[in-house]
Protein chains: 2
Amino acid sequence: MTEKHVRIRRGNKEDALRVRNELVGIAMDIFKSQGIEGVSMRAVAAKAGMSPMSPYRYFANRQALLKYLWFQSIHDLKEYLHESITEIQSARKRHRVLIRAFINYWIEHPERFWLAYEAQGDRGALSPFSIPESHTDSYQAALKLLRTTAVEVAHEIGVSDKEAILASDLCMVMMQGYLNAYLVNTRYPWVDKQKLKEIFIEQTALSVERFLIEADQASG
Amino acid sequence: MTEKHVRIRRGNKEDALRVRNELVGIAMDIFKSQGIEGVSMRAVAAKAGMSPMSPYRYFANRQALLKYLWFQSIHDLKEYLHESITEIQSARKRHRVLIRAFINYWIEHPERFWLAYEAQGDRGALSPFSIPESHTDSYQAALKLLRTTAVEVAHEIGVSDKEAILASDLCMVMMQGYLNAYLVNTRYPWVDKQKLKEIFIEQTALSVERFLIEADQASG
């Protein structure tokens, strides 16, 4: 195991943030290679070249550390979504790419999907998409990206964007359904998961478009 | 607490099934009034007027008893779905009523939705819709109802029914998304859950219809 010898200078707030970020990075490495069971305050301390108790200066307990892993996952999701849609001019196409990227991110990182279940204690939070500090910047940025895209789709098809948020909620509901089917309800006798994915992406995008059009007509 | 004094005659298989069903009924009553924590082999025995160990003749352990509660929930779901669609002539309308009934059943019985999480040990089964004995009659009947309805929708709109199963999988994926949004991911900032429900039902039904039409056109 490579030790990283994270340097600590006490009493400096920026330094404390830096150390915390480094410890989160170390914990994420452990998480990737050994799963959630491998993530302990002691293991992080060892890999950071710290005394076993030092991580407690930055995280109240293991639960808090796991929560930071979750925040990091959301941060990476946001980056992944942004990268996936750069240079796509058409809003309708961008919307489809965004749906695909969103579900792909979780399918490619199932351990991060499950992290939400582990990182949060209570049942009301039993979802990868509900986080306690829902005002965290990355979460808000990802949410905004979905909503902004719905607005842009409305403009591209030439209808009002006043129901764009509701439209993006519809999209989110459907995407959660796909992830649930793919990652959770694996015993349901899905006839063809790969075909279903393509159909799902297209029909979800079309549902959003059609709803925007219908909402525009209803208000018009 | 009312004791039911379930009568036991040993050595008769039909009688054993009858007793087991009565014990499941008693457990379901306890579950409804006291939640899952109240359901114990001892509590069921007490309410049945049996000795504390007697329920173990019918269920290996509490986990097995919970599994039977889950089977009962699926049985009731199936009955509820069938009742909801009797006398509805139009297949397209019946489909919408079925989607509404499916999500309403779980929203009206959230404790049954969570039961699946409790009744099953492992994470791969972390869904109300995946059950270990997926060949149970009620489960198969509910599944068949969804698939048959997709076939009937195809016939009513005058297209091939050869992708009806995939279409009903699409419907199931989307319905799971709504339930996840409504019951699990309660912290997501949904703008208007009631409006979302109506939009969701209509757009899900239309997605199935549109996919059936597109699949028919693609196959020429």
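Across all chains of this predicted model, 20 aromatic pairs are found. One of these pairs joins Tyr68(A) and Phe71(A), whose ring centres lie 5.6 Å apart; because their planes meet at 75°, and an angle over 60 degrees defines the class, the pair is edge-to-face. Both residues belong to helix H3 of chain A, which spans residues 62–85, and they are separated by 3 residues, or about one turn of the helix. The two partners fall into separate accessibility classes. Tyr68(A) has a relative accessibility of 24% and therefore counts as partly exposed. Phe71(A), with a relative accessible area of 17%, is buried, since the limit for that class is under 20%.

In chain B, an edge-to-face pair is formed by Tyr105(B) and Trp106(B), with 5.0 Å from centre to centre and an angle of 85° between the planes. Tyr105(B) is buried, its relative accessible area being 2%. Trp106(B) also counts as buried, at a relative accessibility of 0%.

Ring pairs in chain A additionally connect several residues into a cluster, namely Trp70(A), Tyr80(A), Tyr105(A), Trp106(A), Phe113(A) and Trp114(A).

In chain A, Lys193(A) is placed over the face of Tyr182(A), at a distance of 4.5 Å from the ring centre. In chain B, Lys193(B) lies over the face of Tyr182(B), and the distance to the ring centre is 4.4 Å.

Technical notes. Residues are numbered from 1 along each chain as its sequence is written. Chains are lettered from A and ligands numbered from 1 in the order in which they are written. This is a predicted model: local features need pLDDT of at least 70, side-chain atom pairs count only at pLDDT 80 or more; totals for chains, interfaces and linings use all residues. Side-chain values use heavy atoms; hydrogens and water are left out. Rings of Phe, Tyr and Trp (its six-membered ring) pair if their centres lie within 6.5 Å; planes under 30 degrees apart count as stacked, over 60 as edge-to-face and the rest as tilted. Helices (H or I, at least four residues) and strands (E, at least two) are DSSP runs, numbered from the N terminus. Buried means under 20% relative accessible area, exposed over 50%, partly exposed in between (1.4 Å probe, protein chains only). A charge sits over a ring if NZ of Lys or CZ of Arg is within 6 Å of the ring centre and within 35 degrees of the ring normal.
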